[in-house]
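Biologist: I would like to learn how to read a model like this one. Can we take it feature by feature?

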Amino acid sequence: MNLTLKIWRQKNAASPGGFETHEARDVSPDMSFLEMLDMVNERLIAAGQEPFVFDSDCREGICGTCSLVINGVPHGGRKGTTVCQLHMRHFQDGQTITIEPWRARAFPLVKDLIVDRTAFDRIMLAGGFISVNTGNAPEANALPVSKEIADLAMDAAACIGCGACVAVCKNASAMLFVAAKVSHLNYLPQGRAEKDRRVKNMVAQMDQEGFGNCTVTGSCEAVCPKEINLDFIAKMNRDYAVAVVKGELKANSGGGVG
Amino acid sequence: MNLDAKIPPGPLAQKWDRYKSNMKLVSPANKRKFDVIVVGTGLSGAAAAATLAELGYQVKAFCFQDTPRRAHSIAAQGGINAAKNYQNDGDSIFRLFYDTIKGGDFRAREANVFRLAQVSASIIDQCAAQGVPFAREYGGTLTNRSFGGAQVSRTFYARGQTGQQLLLGAYQAMCRQISLGNIHMFPRTEMLDLVVVDGAARGIVVRNLVTGDISLHSADAVVLATGGYANVFFLSTNAIGCNVTATYRAYKQGAFFANPCYTQIHPTCIPVSGDYQAKLTLMSESLRNDGRVWVPKRKEDCDKEPAAVPEAERDYYLERKYPSYGNLAPRDIASRAAKEVCDAGRGVGPGGRGVYLDLSNAIQRLGENTIRDRYGNLFDMYERITGENAYRQPMRIYPAVHYTMGGTWVDYGLMSTLPGLFIIGEANFSDHGANRLGASGLMQGLADGYFILPYTVGNYFASTKPEKIPVGHAGFKKAEEDVRQFTRRLLSINGKRSATSFHKELGKLMWENCGMARTRQSLETNLKHIPELREEFWKNVRVTGSGEELNQNLEHAGRVADFLEFAELLCLDALHREESCGGHFRGEHQTEDGEARRDDTNFAYVAAWEFKGADKKPELHKEPLVYEEVHMATRSYK
């Protein structure tokens, strides 16, 4: 099939950007969307023009690198599908397709279709872990975790950190990403000790990064390629409220015996 | 040069404990004086960076991805082995060790593999404590599944995303150390050369992939955790960015490269659909727990709908040929068996390059819901890529390049022939011999990163006390100039062909002549064509843009340039190894019924290649494989 592509071109964050129109001819329906873009880029190189840069790596929907807004929808709008696994059989011959980067203040543009998502890493640094050094661990079966809780934690942990939730949100809120990590670790007994500080610190960092507030429209859940449930946001709000009500716990005596 | 693996003396089961008892220690107060560079943040790199930082070393970590959480370990689906014997089915450290040695076709180093099996149980403990959501029973204990090459259930898993969850565990441990200031993280940064001063590895040259800035980093030890080289075949299950550059450039600086011809072809991948394809996708081996592999008995039935082929007309060839392991035969054997039936004209799907992986019996027996619970994400992925519903019709699968057992030669302490250069995870050669068993890659990555390297690096520091080398040292300046020169050269050719077109052509040569089966003739063809292709590359490649910006075209061209040299080394190794073992199958060396014929008299050694200069033949060094505990037997899964 033949397609018309309107692709975002922008040299860097400081330069203005705009759409460029390119024709994609002889596209096979079995191609993935990114393979179609690879083909366009190969033709640009052959013609002595600059190819478009876009992020991708595993191309099997798990690394979370790919990040394109296709016809206004992050990852292109197929349920539970990243753009690297979106195939051209879902498009029609003659169609015009717009291709843009994630757009959010907290994800500054790097070049063309690539944005900087290190804000997510900084939120993780604020508490997205369980503090256990290598060698500290007890025998794994010494701490039973019910199947229901393990499954819930796994549902939340399935997040690939792609940022589609932010890209689709009218407020550019990162609540679904943060809630997924908070829920994964806070549901598990292993994560309980740091439950309160984790949720407070991660939320504070999220605010500091300039992500918007959540107004529970649910668009994040709709585009999430891993179908992370909106319920996790409710879980995080609950954990956050509890943590705030508890306030800071402090021991009265200072220091140890040494 | 004498290859000394420095294996500790004493009985096999006591070697690692002896090493730990006798190694030199760095005191807690002195650890912060040592700098360690870790390149690559997959399972082994992230685990090592986090653990070294927890111990108190100053760590700099580098990855080419935009965040360490995206390294390709994340794509591992099926699971991780550990000798926990939770299933009470007779598993033990010895059995895991023996299965791994046997699975590797007796071409791995015995002492390393035993240590791997020993630390495997601690890995599960560590990951569970980090919050990795392993699958569990209702009672709350961990559950297991079976994998190829084993007759016990020892594989731990997190749905079909075990690699993702283990990597996130290691990444989160890294996040904690980054927040504490113990790790300095450099994302979107690619290592372009190793700096060697006075014969020891002392730093690296890197390129910032966003700005194009070249910078120098000095350290007391350099750890490469940069994965395998499967992308030398262009089409593989590896990520687009996976490359051989770090280990290949270390090879050119003097680190011997071992057994490059040991490449693994995974039996269960989605078949190639067209020449536009950028990569292949794996369907986890765990599907073989419940799936049966078959093709029609008669060629005439190959074009029929699978349901139209009656049971009696189906050839369940793995069950037929290997009755005791059946569909769980090891990867190399299952792959070759698929090739064999397709070569005989009984393949299915486009081009006849496919076999059925059929779960209909299991769906009938256990119900669709149970199968969905076990493999739902794999079925979904299959449908996204092929447009077919595998609950209604069998999957079509075909082997694809997946993993590389060869890698930089390391001693028992995971140090290469260059002092101060450590290689971990898939990037080294040591634990899988000529074939890796399923669910052992994750095990080895984490064993190296969490439980082995952090000890052996300390021992190196305490026994050598390296002096600090500033990045102003002439060795650093020379390496920087070489890198700049390499980049300038790529940009100045301005030829007619893209780097991708060269990569594809190389991949085709490798797959056809050095893939699932190799012969002297096919390898000699490659040894003739690869240098020609390389010559053309350096005359006719077109790299657009400049070096002072984000330039994916330039990044890829640099990686392809290294693949074009490395491929020759791989073929040379495959040519010299006149035997069939594991993933290395030489057509000349097979039994009458088509099984691999190993030659223990002449080839029971590790082939470690030394770079002797551009356009010179590398020199072969041999490390004999001496088995103290196990007897080298002909591998049989019948």
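Biologist: Against which helices do the buried residues of α2(A) pack?

Modeller: Keep in mind that this is a predicted model. The buried residues of α2(A) pack against α5 (175-187) and α6 (195-208) of chain A, together with α6 of chain B.

Biologist: How many residues of helix α2 of chain A are buried?

Modeller: Six of the eight, so take the cut-off first: a residue is buried if 20 or more other C-beta atoms lie within 10 Å of its own. Helix α2 covers residues 118-125 of chain A and is mostly covered. Its buried residues are A:Ala119, A:Phe120, A:Asp121, A:Ile123, A:Met124 and A:Leu125. Just after α2(A), A:Gly127 takes a positive phi of about 160°.

Biologist: What does chain A look like overall?

Modeller: Chain A has eight helices and seven strands. Its C-alpha atoms fill a box of roughly 75 × 40 × 35 Å along the principal axes. Of its 258 residues, 52% count as buried. Among contacts in chain A with a separation of 6 or more, 71% join residues 24 or more positions apart.

Biologist: How do I read a pair of packed helices?

Modeller: Two packed helices are described by the angle between their axes and the distance between the axes. Take α3 (43-55) and α12 (441-464) of chain B: their axes come within 8 Å and cross at roughly 30°. Angles under 35 degrees count as roughly parallel. α3(B) and α12(B) are therefore roughly parallel to each other. The crossing is right-handed.

Biologist: Which residues meet there?

Modeller: From α3(B), the list includes B:Leu43, B:Ala47, B:Thr51 and B:Leu55. From α12(B), it includes B:Leu442, B:Leu446, B:Tyr450 and B:Val457. The residues of this contact divide into twelve nonpolar, five polar and one charged.

Biologist: And a sheet?

Modeller: Strands of a sheet pair through backbone hydrogen bonds, either parallel or antiparallel. Chain B has an open sheet of five strands, in the order β11-β15-β14-β12-β13, with antiparallel pairing. β11 (263-269) and β13 (314-315) of chain B stand at the edges, each with a single partner strand, so one side of each is left without a neighbour in the sheet.

Biologist: How many bridges link β11(B) and β15(B)?

Modeller: Five bridges, in the antiparallel sense. B:Gln264 has B:Tyr403 in β15(B) as its bridge partner. Helix α9 (331-343) of chain B packs on the sheet and touches β11, β12, β14 and β15 of chain B. The direction of α9 makes about 65° with that of β11(B).

Biologist: Last, a loop residue. Is B:Asn144 buried or exposed?

Modeller: B:Asn144 is buried, with 23 other C-beta atoms within 10 Å. It lies in the loop between α5 (110-130) and β4 (155-156) of chain B. Beyond its neighbours within four places in sequence, B:Asn144 is in contact with residues including B:Tyr86, B:Gln87 and B:Phe156. B:Asn144 and B:Ala82 are 62 residues apart in sequence, yet 9.8 Å apart in space, C-alpha to C-alpha.

Technical notes: Residues numbered from 1 in each chain as written. Chains lettered and ligands numbered in written order. Predicted model: local features only at pLDDT ≥ 70, side-chain atom pairs only at ≥ 80, totals over all residues. Axes fitted to C-alpha atoms, helices over the stretch in contact; angles between N-to-C directions. Helix = DSSP H or I, 4+ residues; strand = E, 2+ residues; numbered from the N terminus. Parallel < 35°, antiparallel > 145°, perpendicular 65-115°, else oblique. Left-handed = near helix turned anticlockwise from the far one by under 90°. Contact = placed C-beta atoms within 7 Å. Nonpolar A, V, L, I, M, F, W, Y, C, P; charged D, E, K, R; others polar. Buried ≥ 20, exposed ≤ 12 C-beta atoms within 10 Å, placed from the backbone. Pairing = 2+ DSSP bridges.
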